[in-house]
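Open the structure in your viewer and keep the sequence panel beside it. This tour goes from one selection to the next and says what is there.

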Amino acid sequence: MKGVRCMDDIETKRPRLGVLGGMGPLATAVFYSRLVDEAKLTARSDQEHPDVLIWSDCSLPDRTDVILHGGAEKLLNQCQADFKLLEAANCDYICFPCNTLHYFMPELEKRTNLPILNMVELALSEVRKLNSAAKKLQIFGTEGTRKGCLYERYAEQYGFEIVPISDSLQAELMGFIYELKNHGRIDFPLLSQRIIEARRSGIDYVILACTELSCMTLNAKAAPYTYDAMGALISRCLELVMPKQK
């Protein structure tokens with residue numbers, strides 16, 4: 001059509017963030033909403049916000065199910081196809097607001113030429129900056145993240161001990177996560193209670209290591225002892241793609 005240019009034809013020097021979302025869709029929406037809110041702290045106009053392309057692939061297989069029961073190749077192939085879409089759209093970086101998918105990071109990095117931002121490492125790095133004396137962490141996430149020892153892969157290099165959670169607490173967290181996924185509920189008072197209990201048992205911080213948990217509300221007593229992995233990812237995204245103000 002005359003007067004219409006394809007995205008590939010648009011010349012721009014601004015960096016572009018590619019977001020592989022849909023895991024789940026509400027978590028992706030919250031991720032972008034929070035990214036905009038943080039960008040607004042310095043952006044004075046629409047044009048000073050970052051360029052972001054979100055591909056919400058809700059048909060991706062459940063990551064926990066793949067870790068526990070197999071089927072990784074189908075998931076990886078679908079992610080690779082999604083990466084190609086983001087590459088074709090001239091994205092400079094890829095991120096995905098899903099902790100559990102990071103279990104497959106070594107293989108995912110082989111399937112794109114673009115740098116992938118690692119939310120797990122970013123979260124641990126930020127907790128270390130926040131409190132140089134912190135030692136013990138608990139990870140509140142999916143059963144896939146727990147069984148895959150995802151945060152344990154990186155904890156030692158940041159000087160942390162990951163204290164395992166009980167089977168009953170893990171089952172409770174999975175109930176919260178899928179209640180939000182399936183019904184949109186965000187208010188779970190027991191989540192705050194479990195964080196406070198962790199603190200009383202000697203845990204320095206609980207990391208919210210599932211982006212569905214990042215969507216939930218916490219009370220004022222639990223919040224100071226909680227670190228949200230999604231927040232670390234958002235901050236790094238903005239460092240990389242926030243337009244420079246003139």
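Is T211 buried or exposed? The model is a predicted one, and in it T211 has 1% relative accessibility and therefore counts as buried.

**Stop 1: T211**

Select T211, in the loop between strand 6 and strand 7. Leave aside the neighbours within four places in sequence, and T211 is in contact with M23, A27, P97, C98, N99, M119 and M230. Show the side chain of T211 as well: one of its polar atoms lies 2.8 Å from the backbone oxygen of P97. Two of these contacts, M119 and M230, lead on to the next stops.

**Stop 2: helix 5**

Select residues 119–130, which form helix 5. Helix 5 has 12 residues, and the distance from its first C-alpha to its last is 16 Å, close to the 16 Å expected at 1.5 Å a residue.

Next, colour the buried residues of helix 5: M119, V120, L122, A123, L124, S125, V127 and R128. To see what they pack against, show strand 4 (136–141), helix 7, strand 6, strand 7 and helix 10.

**Stop 3: helix 10**

Select residues 229–241 for helix 10. Its 13 residues should span 18 Å at 1.5 Å a residue, and the end C-alpha atoms are 19 Å apart, which agrees. D228 caps the N-terminal end of helix 10, with a side-chain oxygen 3.1 Å from the backbone nitrogen of M230.

How many residues of helix 10 are buried? The number is 10 of its 13, so helix 10 is mostly covered. Colour A229, M230, G231, A232, L233, I234, C237, L238, L240 and V241 to see the buried residues. The elements that cover them include strand 1 (16–21), helix 1 (25–39), strand 3 (93–95), helix 5, strand 6 (205–209) and strand 7 (226–228).

**Stop 4: where the two helices meet**

Keep helix 5 and helix 10 on screen together. Two packed helices are described by the angle between their axes and the distance between the axes. Here the axes come within 8 Å and cross at roughly 100°. Angles of 65 to 115 degrees count as roughly perpendicular, and helix 5 and helix 10 are therefore roughly perpendicular to each other.

From helix 5, pick M119, L122, A123 and E126; they meet A229, M230, A232, L233 and R236 in helix 10. Of the residues in this contact, seven are nonpolar, two are charged and none is polar.

**Stop 5: backbone details**

Most residues other than glycine have a negative phi, and most peptide bonds are trans. The selections below depart from that pattern.

- Select M23 and G24: a cis peptide bond joins them, with omega about -10°. G24 is in the loop between strand 1 and helix 1.
- Select N90, in the loop between helix 3 (72–88) and strand 3. N90 is not a glycine, yet its phi is positive, at about 65°. Its relative accessibility is 38%, so N90 counts as partly exposed.
- Select C149, between helix 6 (143–147) and helix 7 (152–155), in the loop. Its phi is also positive, at about 50°, although C149 is not a glycine. At 40% relative accessibility, C149 counts as partly exposed.

**Stop 6: Q78 in helix 3**

Select Q78, which lies in helix 3. Its relative accessibility is 17%, so Q78 counts as buried. Apart from neighbours within four places in sequence, Q78 is in contact with D57, S59, L60 and P61.

**Stop 7: N219**

Go to N219, in the loop between strand 6 and strand 7, the loop that also holds T211. N219 has a relative accessible area of 33% and is therefore partly exposed. Residues up to four places away in sequence aside, N219 touches S192 and I196. A polar atom of the N219 side chain lies 3.0 Å from the backbone nitrogen of K221. For a distance across the model, take the C-alpha atoms of N219 and P115: they are separated by 36 Å, and the two residues are 104 residues apart along the chain.

**Stop 8: K13**

Finish at K13, in the segment before strand 1. Its relative accessibility is 87%, so K13 counts as exposed.

Technical notes
Residues numbered from 1 in each chain as written. Predicted model: local features only at pLDDT ≥ 70, side-chain atom pairs only at ≥ 80, totals over all residues. Heavy atoms only, no water. Axes fitted to C-alpha atoms, helices over the stretch in contact; angles between N-to-C directions. Helix = DSSP H or I, 4+ residues; strand = E, 2+ residues; numbered from the N terminus. Parallel < 35°, antiparallel > 145°, perpendicular 65-115°, else oblique. Contact = heavy atoms within 4.5 Å. Nonpolar A, V, L, I, M, F, W, Y, C, P; charged D, E, K, R; others polar. Expected span 1.5 Å × (residues − 1). Buried < 20%, exposed > 50% of the residue type's maximum accessible area, 1.4 Å probe, protein only. Polar contact = N/O pair within 3.5 Å; in protein donor to acceptor, adjacent residues only side chain to side chain.
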